[in-house]
Amino acid sequence: MPVGLLTLEIHLPYAHSLKEKRAVLRKIRDRLRSRFNVAVAELDHQDVWQQMTLGVVSVSNSRPLLESVFRQALGEAERILGDDVADYDMAFF
């Protein structure tokens with residue numbers, strides 16, 4: 001049973017407060033949870049206004065299915081955030 005982790009490094013140059021950053025976080029977190037049935041958490045940079053690291057986790061009986069879900073979730077994050085998605089990484093355990 002594979003477990004997958006998608007890590008998103010996000011840079012928000014227009015955020016001027018933690019409140020603005022958390023609004024973006026809430027939007028992307030809620031969208032990914034509802035559309036892809038994944039768990040989403042902020043992993044790092046909680047007190048930094050213009051940067052966040054998100055972890056997206058899912059479990060499946062099929063690694064190709066997990067990869068497909070993560071590719072779609074990455075595409076959705078890029079549609080919402082545009083060039084603000086600075087980097088990503090996928091890992092499977």
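**Entry 1: helix H1**

I began with what lies over the buried residues of H1: strand S2 (39-44), S3 and H2 are among the elements that cover them. For the record, helices (H or I, at least four residues) and strands (E, at least two) are DSSP runs, numbered from the N terminus. Buried means under 20% relative accessible area, exposed over 50%, and partly exposed in between (1.4 Å probe, protein chains only). Contact means heavy atoms within 4.5 Å.

I am working on a predicted model: local features need pLDDT of at least 70, side-chain atom pairs count only at pLDDT 80 or more, and totals for chains, interfaces and linings use all residues. Residues are numbered from 1 along each chain as its sequence is written, and side-chain values use heavy atoms, with hydrogens and water left out.

Which residues of H1 are buried? I listed Lys21, Val24, Leu25, Ile28, Leu32 and Phe36. They cover an arc of only 100° around the axis, which puts them on the same side of H1. The arc is that of the directions from the helix axis to the C-beta atoms. An α-helix has 3.6 residues a turn, so residues three or four places apart point the same way. On the face turned away from the buried side of H1, I found the exposed residues Lys19 and Ser34.

Just after H1, Asn37 has a positive phi of about 50°.

**Entry 2: the sheet**

I traced an open sheet of four strands, in the order S2-S3-S1-S4, with antiparallel pairing. S2 and S4 are the edge strands, each pairing on one side only. Two strands pair if DSSP finds at least two bridges between them. Neighbouring strands are turned by 20° against each other on average, direction ignored. H1 packs on this sheet, touching S2 and S3, and its direction makes about 15° with that of S3. Axes are lines fitted to C-alpha atoms, for helices over the stretch in contact, and angles run from 0 to 180 degrees between N-to-C directions.

S2 and S3 pair in the antiparallel sense over five bridges. Val40 has Val56 as its bridge partner in S3.

**Entry 3: helix H2**

H2 lies across S1, S3 and S4, and runs at about 170° to S4. Its buried residues include Leu66, Val69, Phe70 and Glu76. I see the buried residues of H2 packing against S1, H1, S3 and S4. After H2 comes Gly82, with a positive phi near 65°.

The largest nonpolar core has 25 residues, of which Leu6, Leu8, Leu32 and Val56 touch the most other members. A nonpolar core is a set of buried Ala, Val, Leu, Ile, Met, Phe, Trp, Tyr and Cys residues joined through side-chain atoms within 4.5 Å. H2 gives the most to this core, with seven residues.

Then Leu54: buried or exposed? Leu54 is buried, with a relative accessible area of 0%. Leu54 sits in strand S3 (residues 51-59). Beyond four places in sequence, Leu54 touches Leu6, Leu25 and Ala41, among others. Glu9 is 45 residues from Leu54 along the chain, yet their C-alpha atoms are separated by 6.7 Å.
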